[in-house]
Amino acid sequence: HELAHVRRHDFLVNLLQSIVEALLFYHPAVWWVSRRVRMERERCCDDVTVGVCDRLVYAEALKELAAMASPRFALAATDGDLLSRIRRVLGHADDQLSHTQLPSR
């Protein structure tokens with residue numbers, strides 16, 4: 001998963017995102033978009049990881065990470081909701097984007 005971040009050059013995206021947040025800290029839409037970008041970045045890397053290893057093994061690794069996580073360790077990994085990531089990896093996603101429907105005409 002972390003190697004997927006490196007391969008995708010997410011560190012550069014994160015740097016740019018941090019600069020935008022610093023310059024436009026007063027605008028709530030910037031914080032909303034920034035949160036969505038971070039969530040999607042994690043989802044993309046989860047998808048890459050599932051592409052190269054078994055999804056059950058990866059879900060078990062996320063579960064173990066959630067069990068051992070504390071504020072001192074694995075801050076980046078526990079920043080998001082690990083349970084929703086595990087559900088998504090296993091195909092039981094309660095995805096906010098998939099529930100978004102266009103108004104009927």
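**Salt bridges and helix packing**

Me: How does Arg38 count on relative accessibility?
Reply: Arg38 counts as partly exposed, at 26% relative accessibility. The cut-offs are under 20% relative accessible area for buried, over 50% for exposed and in between for partly exposed (1.4 Å probe, protein chains only). Keep in mind that this is a predicted model: local features need pLDDT of at least 70, side-chain atom pairs count only at pLDDT 80 or more, and totals for chains, interfaces and linings use all residues. Residues are numbered from 1 along each chain as its sequence is written, and side-chain values use heavy atoms, leaving out hydrogens and water.

Me: Ok, which side chain does Arg38 meet in a salt bridge?
Reply: Glu21, at 2.8 Å from N to O. A salt bridge here puts a side-chain nitrogen of Lys or Arg within 4 Å of a carboxyl oxygen of Asp or Glu.

Me: What does Asp46 pair with?
Reply: Arg85, in a salt bridge of 2.8 Å, N to O. Arg85 belongs to H6 and Asp46 to H3, so this pair ties together parts that are 39 residues apart in sequence. Both Arg85 and Asp46 are buried. Separately, salt bridges with shared partners join Arg36, Glu40 and Arg43 into one network.

Me: And Asp10, buried or exposed?
Reply: Buried, with a relative accessible area of 6%. Asp10 forms a salt bridge with Arg8, with the closest N and O atoms 3.2 Å apart. Arg8 is partly exposed at 35%.

Me: How many salt bridges in the whole structure?
Reply: A search finds eight.

Me: Switching to the fold, how many helices are there in the chain?
Reply: Six, and zero strands. Buried residues are 23% of the 105 in the chain.

Me: At what angle do H4 and H6 pack?
Reply: About 170 degrees for H4 (residues 55–68) and H6 (residues 82–89), with axes 9 Å apart. That makes H4 roughly antiparallel to H6, a label for angles over 145 degrees.

Me: Which residues meet there?
Reply: On the H4 side, Arg55, Tyr58, Ala59, Leu62, Lys63, Leu65 and Ala66. Leu82, Arg85, Ile86 and Val89 are their partners in H6.

Note on methods:
Axes are lines fitted to C-alpha atoms, for helices over the stretch in contact, and angles run from 0 to 180 degrees between N-to-C directions. Helices (H or I, at least four residues) and strands (E, at least two) are DSSP runs, numbered from the N terminus. Angles under 35 degrees count as roughly parallel, over 145 as roughly antiparallel, 65 to 115 as roughly perpendicular and the rest as oblique. Contact means heavy atoms within 4.5 Å.
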